[in-house]
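I opened the model today and kept notes as I went. The entries follow the order in which I looked things up.

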Amino acid sequence: MRDQRIGINPKVVVILAIFFTGTNSVFFRLSNLPPMVFVTYRFLVCTLFFLIVFLIKTKTRQNEKKMVEKKMIEKKLIAILFSTGFIFAAGAYFYFIALKNADVSNVVILNSSSTLFVVVFSSLFLGEKTSKLGFAMLLIVFFGCATLLISPGGSNSFKGDICALLCAVCYATYLVVIKKFADVSVPMKLLITYLGSFSFAFAVALVQGGLFEIYPREEYLYAIGSAVFAICIPQSMINWALRNVRATFVGGINLLEPVMSCIYAFLLWNEMLEPNQVIGGVLVLAGLFLYNKVESNKET
């Protein structure tokens, strides 16, 4: 469905957004900053961006402003979202370490397995159930991850792979919490969560040292680029497109992100996929695609 007001096909916008999100691993890999320093700068930019979005939304939508005022009273809600940001920041740290020790292909595909953990956490904390067929599809994802774990990929591949899985766990936790508070406006949730991420990363970087050292200019550009091109721009594009396309379409297209990351890795560092990586990657992405298909059919 084409947006008649500006003549743009929202499905094309979603696909273009994936080209941006695929750059995430590139910026992480290029940077030589201390991990938590990089994460701090990244979340600082994201927090400032979502603060601007939040202020614009609350100024232009009076009904949303009233809802914000109501939710601001709930300190427990703010505390949960803020502390979830700590976990989200830890996930970014694990992602940084993973990309320094393993091939991009291994990291991005293992990170995609966050759906596995989302299903587990949703069952434990949200009471959601997965169909037997959906569970079978997730078993395919599990075997794909196992194949990647035993495949060579980087100077210290196993350490990198474990960090990629830890990142997936952190991201899944973030998604479940965001889903838990679905009645809260998206700008408010993102602002509080990213503010928590920045605060946590800043505190850790302050203790570890190196936060206020002067680094080459390109290092700051990598951190800013990872925030702007891999988060702010694509998330804005997808949020706009969701007004006219189904969430299941977005979920399916998101599976192309690891593919784009692998393409970028090949173009920049000539990273070639080993047979085990190809098999594992196909199993993970196919399992996730089929799982999304099964669950979307169940909802309809």
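I began with F50, which is buried at a relative accessible area of 4%. The model is a predicted one, and I read it as such. I placed F50 in helix α3, residues 35-60. I then looked across the sequence from F50. S236 is 186 residues away in sequence, yet the C-alpha atoms of F50 and S236 are 10.0 Å apart.

Next, the rings. F50 belongs to one aromatic cluster, together with F43, F49, F88, Y171, Y174 and Y194. F43 also has a charge over its ring: the charged end of R42 sits 5.9 Å from the ring centre.

How many aromatic pairs does the structure hold? I noted 23. I picked out Y215 and Y220, which pair edge-to-face. Their centres are 6.3 Å apart, and the planes make an angle of 65°. The angle is over 60 degrees, so the pair counts as edge-to-face rather than tilted. I checked burial for both residues. Y215 has a relative accessible area of 15%, under the 20% limit, so it is buried. Y220 comes out at 25%, so it is partly exposed.

Then D103. I found D103 in the loop between α5 (75-101) and α6 (104-111). Which side chain of opposite charge is nearest to D103? It is R29, at 5.2 Å. A salt bridge needs 4 Å or less, so D103 has none with R29, although D103 is buried. I did find a polar contact for D103: its side chain meets that of Q277 at 3.4 Å. The charged end of R29 sits over the ring of W269, 5.1 Å from the ring centre.

I turned to helix α10, residues 186-208. G209 follows α10, and its phi is positive, near 95°.

Last entry: T21. I located T21 in helix α1, residues 10-21. Is T21 buried or exposed? Its relative accessibility is 11%, so T21 counts as buried. I also traced its side chain, which reaches the backbone oxygen of I18 at 3.1 Å.

How values were computed: Residues are numbered from 1 along each chain as its sequence is written. This is a predicted model: local features need pLDDT of at least 70, side-chain atom pairs count only at pLDDT 80 or more; totals for chains, interfaces and linings use all residues. Side-chain values use heavy atoms; hydrogens and water are left out. Helices (H or I, at least four residues) and strands (E, at least two) are DSSP runs, numbered from the N terminus. Buried means under 20% relative accessible area, exposed over 50%, partly exposed in between (1.4 Å probe, protein chains only). Lys and Arg count as positive and Asp and Glu as negative; His and the chain ends are not counted. A polar contact is a pair of N or O atoms within 3.5 Å; within protein, one must be able to donate a hydrogen and the other to accept it, and residues adjacent in sequence count only if both atoms are side-chain atoms. Rings of Phe, Tyr and Trp (its six-membered ring) pair if their centres lie within 6.5 Å; planes under 30 degrees apart count as stacked, over 60 as edge-to-face and the rest as tilted. A charge sits over a ring if NZ of Lys or CZ of Arg is within 6 Å of the ring centre and within 35 degrees of the ring normal. The expected span of a helix is 1.5 Å times one less than its number of residues.
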